[in-house]
Amino acid sequence: MSAHAMILDGIDGDRTWRLKDYVARGGYAVLKKILAEKTPPEAIIAELKASGMRGRGGAGFPTGLKWSFMPRAFPGDKYLACNSDEGEPGTFKDRDILRYNPHAVIEGMIIGAYVMGCARGYNYIHGEIFEIYQRFEAALEEARAANLLGQRILGSGFSFELFAHHGYGAYVCGEETALLESIEGKKGQPRFKPPFPAAFGLYGKPTTINNTETFASVPFLLRMGGEAFLALGKPNNGGAKIFSVSGHVTRPGNYEITLGTPFFELLQMAGGMRAGRRLKAVIPGGSSAPVLPADTMMACTMDYDSIAKAGSMLGSGAVIVMDETTCMVRALERLSYFYHEESCGQCTPCREGTGWLYRVVHRIEHGLGRVEDLDLLRSVAGNISGRTICALGDAAAGPVLSFLKHFEDEFVYHIENKKCLVPPSLQDTGSQIPVYVSQSC
């Protein structure tokens, strides 16, 4: 955590998730001011746009612009949804926000509902973190008891109800339209777009969906003002962001830093490389982001534009650090297995292609690779990318292409020598996955 921490500021004490602790940190002051002064929604959107804040869930879409898409004059119901379905390997920031600072999310969602004219909202929480769901439910009860939720909030003319919705661990429900399908009680599969949720979302009504960290950032942003928030980061990359650092570092964890901070500074905050090992590669934005070799990553700053220029993406801010003990073939095998298992099966290129990718990488790792497998991997990945309803297909293909781009020599070594380039004495075996040997593809 840096000196510019906002969401994580002050949550290292005892029971910091309680309403009274959040209020003691200045919580709900912005909401109370907005309701007391009847701040025009347009003024709040203007602050969001001035802040340069981009969505913290992965896509990085400007938050103020997204909020402006909601048709406030729509005569029927409008909905607000928070995407807390955090299921991608390497991501663990949203669950800590909900665990230690749930009222920041609640306040941000209430403000969002006020701006967009929504009377009802849902927080979709990942199914494998049930204790976090319970923590958020408790926070909702505190907020209702204090008249921060429900009818005529704090004596104003504004009413809003917020509910927690418990998922069941499907990674694909992190895609916003699959999330909406799940809330409606249907199978969690992505919808065709257009129409987009702002026009046809939950129950066919206009809906705005933002990430947990995005909503939690709103009260802090409005408290300091859009221009001041922007000044914390850099142009087009306003404010601070939480990065989940995992892998071969001394102190894995969540670190809130200003956008534009050099990567090596973030690495130092995480205690540097474990056991004095050398950095080999980094996946900077969750497992679906293209991998970058050490020298490229060390020249990057932690913001959307710098990472994109380097050939990857900031994504959710999940930084997976790999040292010299990492077998890149085995690392890709692990990732490919995940996407194969998590494909919802709706689109043929993803349903069939992710299985091909996993099986081919698997056989290379287990000494059965063929020279033509490298071209086969590129071909299959290319036939998945851009040919699916949602981005899961691209998420599966991207790592394959980037691993081959930067570490093809390791794949060639596996094929030619039937063993790993990294000496067995150095290998980090990590988690095990089922052995599946096939020559059928």
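Colleague: Why does Lys-193 count as partly exposed?

Modeller: Its relative accessibility is 33%, and partly exposed means the range between buried (under 20% relative accessible area) and exposed (over 50%), using a 1.4 Å probe and protein chains only. So Lys-193 counts as partly exposed. Keep in mind that this is a predicted model, where local features need pLDDT of at least 70, side-chain atom pairs count only at pLDDT 80 or more, and totals for chains, interfaces and linings use all residues. Residues are numbered from 1 along each chain as its sequence is written, and side-chain values use heavy atoms, with hydrogens and water left out.

Colleague: Nice! And what about Arg-274 and Asp-323: how far apart are N and O in that salt bridge?

Modeller: They are 2.9 Å apart. Arg-274 lies in the loop between helix H11 and strand S8, and Asp-323 in strand S11, so this pair ties together parts that are 49 residues apart in sequence.

Colleague: Is Asp-323 buried or exposed?

Modeller: Asp-323 has a relative accessible area of 0%, so it is buried.

Colleague: How is Asp-96 classed, and why?

Modeller: Asp-96 has 19% relative accessibility, so it counts as buried. Asp-96 also meets Arg-99 in a salt bridge, at 2.4 Å from N to O. Arg-99, at 22%, is partly exposed.

How values were computed:
Salt bridge = Lys/Arg side-chain N within 4 Å of Asp/Glu carboxyl O. Helix = DSSP H or I, 4+ residues; strand = E, 2+ residues; numbered from the N terminus.
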